[in-house]
Every structure is written in structure tokens, then in C-alpha cells.
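Here's a quick tour for anyone meeting this structure for the first time. Have a look at it, then read on for the main points.

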Amino acid sequence: MGALSHIRICDFTGQLAGAGATKFLAAFGAQVIRIEDPVNEGHWDILRGMPPYKEGQGGLEAGGSFNNHNVEKLGITLNLRTPKAKEVLRKLVAGSDCVTENFAAGVLDRWGFGYEELKKIREDIIYVSNCGFGHVGPYEKYKTWGPVVQAVSGLTFSSGLKDQPPAGWGYSYMDHTGAYYMAMAIMLALYHRNRTGEGQWVDLACTEAGAVLNGPALLDYTVNGRPLRRPGSPDSNRSQFPQMAPHGIYQAKGEDRWVSIACRDDADWERFGTATGAAFARDSRYTTLAGRIANEDELDAAVTAWTIDKDAKEIASLFQANRVPSAPVQLPEDRVDHDPNTSAWGLWPTVHHTHMGAVRVDGLPVHMSRTDWEMTRGAPMLGEHNEYVLGEILGYSGAEIAQMKAEGVL
Amino acid sequence: MSGPLTGIKVVEICDEMGEWAGKLFADVGAEVVKIEPPGGVRTRTYGPFLDDEPGPERSLWFWHYNTNKRSVVADLDEAGARAAVKGLMAAADIVIEDQRPGRMAELGLDWADLKALNPRLIYVSITAFGRDMPKNLDEYTDLTLMAGGGPAWSCGYDDHSLPPVRGGGNQGFHTASHYGFMTALVALLERDVSGEGQFIDVNAHASQNVTTEAASYSWLVNQSTVQRQTGRHAGVTPSMPSQIMCGDGRMVNSGLPPRRGDDYRRMLMWLDEIGGREQFPEYPFLEIGAGQERIDLSKIQTDPEVAAIFGAGRECVNYIASKLSAFEFFTGAQERGFQVGIIYSPEEVMEDPHFKARGFPVEVEHPEHGHTFTYPGAPYAFGKSRWAIERRAPLLGEDTKAVLG
């Protein structure tokens, strides 16, 4: 029995911002029933059928990212343009704890399944919607994906080097993190229901979840009047809060190889000197933190001159042995296949996908002592669990299901 | 209206990595008691500071991360204080700690010391590398976690002579805290069924590793390696720039370019509205796009016409942006159904009309200073339970007497 085996989710989510939330719950045993549109072959979720593919594969059922984000879920198809599919959905909602979606605002309403309608089907239903700007407010009709959310919430701007345009995030950090907040919202609402018997609608706006993640910079503005947009700012490889120097990502030997080093205080700086034996580490300009910050450009140039002809992993090992925080910038290959900490953790479980076969996926970075997560089943193929869900869970007969198929309901 | 976790008691022994998880509990109604050493936790020494003057009650970092919590000063290296804290833990629903592996056991305050006393206790340990991993480094920062854990490899610039970039705002710590809070909620729901607590081991390094989107699964699925690109997804194959300068020198992220015929039709109308048809040489490709149902993106590598139509859509976005301010382009594009985001500096979010209308900036009273300060508000809007900052971060030891007697 999983920790959440008693929870059923009627799941319209997709991409990562939504699917990531229900993946987390499914890994702990929640029965997540993902609904897709048979007419457009589930392509509302642009990841369905998109690369990466396993070698020699391709097409609708071979999408590596879709598989990664939808493990342990059941998949059904419903053509909600038909009255029969709406009847099936009403039955499913009646038997679910929670309805989840990350469509643009208003989509579920237009299908006749807005919160007020869901409540008529099941009074204590929990409905969690997740979109970039939320369902209420001047931008409620605006559409987003990860990079847009990150831009508007301030996270793109706050990631970059001095005197360069924003670097932003090289992936949808806010799809991952929006999914985390969606999972929290679902579980908080379930906990509230367990206490009070009440369901509710939670309106999650990813841009708000993103904006809270720059808290100290926001308060520096609202309290001290100092904006992050000012000359020479930001430089996110440096550490303004708390102040540290040297603090950066430095070039190492080889093509595009880098190492991070952080000296948190004067004691770290002393150990930096011991580790490197470098002359600049004894330069009186750098003795105090204030001196290192005041001369940070020169200091970073000196550190780079020391790192540039050395192996990133060897540099990091040397500093780690001297208790100075340091890590190489690990490539995906390094951390997936050659990092004893990820393999010993079981971070990359192999799931079995009906079409793709055995594939490794992102596991979870947590372990629970009694009811730990599990990932063994790959993402559902389009309508893979129609018979099981409609037959075993909703009680339709084989003949009824066959008729629904023939009539284009499924 | 109460918070969804009203009635839940949390004991927090956290510094910079875990205190965000403590705030997530506290802002939805849990009673979070933060145990601080004499002199206070280290984050009270982190800037920025009120009026730039350091002091344990002036750290805006501490203010942000510790709203709604209570502060109890207890020297855990002293037996009496340890016993008092153990008493709190014996009566708590949740313990959350981010101390180095081994520290809590040395204090006699680990899960093993508490589970018999309090079988319903959920004990959340957040460490850099998990409790029992082969290479467990005590020394880390947000930067080294994000470099070693994956995010940095994917972030930076097209120009690879510039270093990879750590995303700003200590997101490595946040990600570990997010997993700590999420998993604690799993345990709370499970406890409603079983009546039993359990131990949760949160690994910050692993948390980064599974928060990298395509970087990890491109390797997992077919052993390909993504490469960083300015302002957009690191990719196995390069993509076109998406960050564009608008007429006022501010930037936007142009988001997903047109990909359906209807997108192209709306783009053409906008181009005509600003009188740009004559100046835009790729116009014929926009017209081809407008005549199709949708562009088959899976053919973009193999079909030159698909690539040209897609490219013309992107160029058209850039052209219109160059004629408008960033805010005009952002709202104009979105009103026409295009996914565009203005690149705000964090503080600009607090002034934006949408965020204001939703009540995102909230006022928090600081009685010592005789007025309120504006804080970022709720990450989620509950219909029937409350997210709220009821009290500013605690003064050092403010609640010691009330909590310990």
C-alpha cells in the first residue's frame, strides 16, 4: 500500500507544470487517472510524442519527456464533445477526491465542468487549477509556458552575469516548481477536507509561486527602496546575500569545463590559501571579506588563472578535502551515470512503458521510512487503461465500452 | 477562516537550507517553533538589512524566511535545553531540521530518539546529500549544490566562453525545502489513515538532479547532452533566440512562436496594424502559415518549408517588438493570444497591475518600527482556507518563555 493509495485524482494535467504534480502523488500510490482527447490524439500536451526518443523509436507513444512526467498514472481517452463522454466524466468525478488541470483559464468551464458544476457532482470535490496568471485578475486570459512564467515573475532577470543580458533558466524551472506548488495545494486541500469535510477550489498562479522565490531581493526594494535592476546588478554567480567571495563558477581544463568555488568566510579563505598554495591567496587586499568584495573582479581573474589548467573534478576534490565548498559543474552524464550519490539513492528508477520498453526516469529526492515512493510503470499510452478504468472502476460492461469506442466517445 | 494546517505543531531546527520549508508550514496555519542558538541562527546575519545596518533583528533575509514562526532560544549543547526541546518534539506533529548528518543523533534528538516517545511524529531531515550517502560533504552552499546537482550546466549564454550560470535567489535551497514540505504533506495524509508517523530523508543534491527538465531525461532516454543557450531551454540541438529587446530597451521572452494557422492570421493583422507589412520580407511565409491548419513541428528538422514558416513567425515577433515598449508588446501580444512574458526585475512584479489586483503584495506589521512593510504574498489562493502572514518574523527568543514556560 502506498502512502496515498486511498486518493483518486481525475487528472487533466499535462506538460510538466501540471503532470509533474500528479507524478509526485502517483509515485506515492495515488490513483491518478489521466484524461486525454482522442480526437487530437492527446496533443494538447505538446510533450506527447516529442523527443527525446529511445534509439530507433519515434512517434506518439515514444516521447521520452511525456513518459518521464507521467509514470505510474492510468490513461483514458474521452471525447468531451459527446454527451456520453460527459456522462463518463461525471461518474469519474463522483468517485474522485480531486480534479486537477493546467489548461488556460476557462477551458474546463467551457466544457461544462467548472468548479460550480463539479461541486454539483460531488459536494466535497477538490479542484486545483494551475496556470501562469491564475484564473482571476487582469491577465486571466493570458497564456504562458515556463519561460514566460519565469520572465514575468522576476526569475529570468535575477539569473545572469554582470553587464550581460539575463541568462534566465535553461529549462522550465517554474514548470518543475509550479508542479511542486500544485502538489502542495492538492495535499493541503485534502488535509483541510479531512479535518472539515469541505472541498474547495485552489487557484494556483505559477507567476505568483515564482515571484515569492526572490524574497530577500523583493524586501530590499519594498523596505530599502533598492531595486535589483541597477548598474552592475544582478550577478547571480556571485553572492550578494549572504556576502561571499570568492564565489563563482570558474573555467577549468578542457572544453567547456567549469568548477564552482565558494568561500563563505575568512576561515574558508584561509583554507583556500592552504589548499592552493597560491601567492594571490596571501595578497593583503584579499585578507578580509570587505577587501575581497571590493576587489572581486581582480580576485575572480586570479582564481581563474589558477583553475584554468586544472581538472574540474580534481579542483573540487582538493577544496572539499580542505573543507572549502566546491563542486564541478557536472554534465548530465557525470551525475546520472558516474555519481555514486545518485545511484546509491536509487534516483533513476527504470520503468516499463508498454511501447518504449524499459526506460530510466527521474525518481524522487526523498525517502520515507515506512511508505516510500515507487516507480515501475511507464506513462500510459493513449487510452491504454480505457477498459480497466471504465470497466473495473466505473462499472461499464464490455459491450458498453465497445459501443463507446465505435461511436468515437473514447 | 483558518489555515489548512491550523492545529499542526512543527518544531524547526533550520538554517538557510530548510527554513523555507518552515515558512511554507507557518504561512498555512501550522504553529512553527524555531529553535535558535543563543545569539540566533546564522541567517540573522544575512543581508540585506533594514537601512543597510546589520543586526539580528534587521535582516530582511530572516524577515522573509521566518514569517509566522515563533522563536525559542535553546542552547542544544546544554542538557537542560536539550531536554526541553525534546519535550517539544515529543508533543509535535512535525520536526524539520537541516543540520549536518550526525548532529541530531549526537544531541539525542534524532528520529531514533523520538519515535518511541511520539509514534505519530513525522520527522523531516534535509541534508545536502541525504543521511547515508557514500560521499557526504558537510561543506556546501547553494552555488555548489546547483553546480554539482545539474542546474548550472543548463543555464547561461550561447557564448560558451562565459561560465554556466547559477540561477539567482538561492533556488537550490528552495528546491530542497519544496521536497521537504511536499513529502511531509504526504506523511500527514498517510497518518490520517494509519495513525503513525515516519522519517523522511530529503537529499538536496538529488533534489537539484530531478529539477533539470530535459538535461536529465535526454541523457536517461538516449544519452544525449543538452547545451546551454541564452534565455531559453538548453537543447541537444540549438534553437533560435527568444529574448528580444523592445523599442524602450527593455526585454521580453517571446515564448512559443506561432504554430497554428490562426496564430499566423492574428500575427499578420498585428503587423498590418503597426504598418509593418512593407518592411517585413518574410511576409509570404506568414501567409503560407496562415493558410495551414497547424505547423508540424516534428518536421522542423527535415522539411525546409516548415522551418521557413516557423522562422518567419519568430522574426515577425521580433519585428513588432522593436516597434513597441516591452509592456506594450507583452500586453499587446497576450491580448492577441500569444505567449509572451515581459522580463521583470523581481521588484517590478510588486508594481504590476495584475499582481496588485490579486492581492499578491501584502502588508506585514512590524510594531517595533511603528509601521508595516510590503512582503510577497501567497503562492496559491485557497477558496476555503487561509494563507496569511499573521505575524512578522520573531525577534530572537521572543517566544522562549511562552513556549517553554
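Accessible areas here come from the Shrake-Rupley method with a 1.4 Å probe, and for residues only the protein chains shown count as cover. On that basis, chain B exposes about 13900 Å², with carbon and sulfur atoms supplying 51% of it. Keep in mind that this is a predicted model, where local features need pLDDT of at least 70, side-chain atom pairs count only at pLDDT 80 or more, and totals for chains, interfaces and linings use all residues. Residues are numbered from 1 along each chain as its sequence is written, chains are lettered from A and ligands numbered from 1 in the order in which they are written, and side-chain values use heavy atoms, with hydrogens and water left out.

**Chain A overall**

- You'll find 17 helices and 12 strands in chain A; helices (H or I, at least four residues) and strands (E, at least two) are DSSP runs, numbered from the N terminus.
- The C-alpha trace of chain A spans about 85 × 50 × 40 Å along its principal axes.
- Of the 410 residues in chain A, 63% are buried, where buried means under 20% relative accessible area, exposed means over 50%, and partly exposed is in between (1.4 Å probe, protein chains only).
- The accessible surface of chain A is about 13900 Å², and 51% of that belongs to carbon and sulfur atoms.
- Take the contacts in chain A (heavy atoms within 4.5 Å) with a separation of 6 or more: 67% of them are between residues 24 or more positions apart.
- Chain A carries 39 positive and 50 negative charges, and their mean positions are 2 Å apart. Lys and Arg count as positive and Asp and Glu as negative, while His and the chain ends are not counted. Each charge is placed at NZ of Lys, CZ of Arg, CG of Asp or CD of Glu.

**Chain B overall**

- Chain B has 17 helices and 14 strands.
- Its C-alpha atoms fill a box of roughly 80 × 55 × 45 Å along the principal axes.
- Buried residues make up 62% of the 405 in chain B.
- Among chain B contacts with a separation of 6 or more, 68% link residues 24 or more positions apart.
- The 38 positive and 56 negative charges of chain B have mean positions 3 Å apart.

**Domains**

- Chain A splits into domain 1 (8–211 + 343–406) and domain 2 (258–328), with bounds that come from an automatic or database domain assignment.
- Taken over C-alpha atoms, the centres of those two chain A domains are 45 Å apart.
- In chain B, domain 1 covers 9–211 + 360–397 and domain 2 covers 251–342; the centres of these domains are separated by 44 Å over C-alpha atoms.

**Two buried helices in chain A**

- Helix 7 (residues 173–196) of chain A has 24 residues and reaches 34 Å from its first C-alpha to its last, close to the 34 Å expected at 1.5 Å a residue. That expected span is 1.5 Å times one less than the number of residues.
- In helix 7 of chain A, 21 of the 24 residues are buried, so it is largely enclosed by the rest of the structure.
- G197(A) follows helix 7 of chain A, and its phi is positive, near 80°.
- Helix 1 (residues 19–27) of chain A has nine of its nine residues buried, so it too is largely enclosed by the rest of the structure.
- The cover over the buried residues of helix 1 of chain A includes helix 7 of chain A and helix 8 (171–194) of chain B.
- Just after helix 1 of chain A comes G29(A), with a positive phi of about 100°.

**Backbone spots to look up**

- A245(A) and P246(A) are joined by a cis peptide bond, with omega near -5°, and P246(A) sits in the loop between helix 9 (215–224) and strand 7 (247–251) of chain A.
- Another cis peptide bond joins G47(B) and P48(B), with omega about 0°; P48(B) is in the loop between strand 2 (31–36) and helix 2 (60–65) of chain B.
- E72(A) isn't a glycine, yet its phi is positive at about 70°. E72(A) is buried, with a relative accessible area of 15%.
- D52(B) is also a residue other than glycine with a positive phi, near 65°. At 44% relative accessibility, D52(B) counts as partly exposed.
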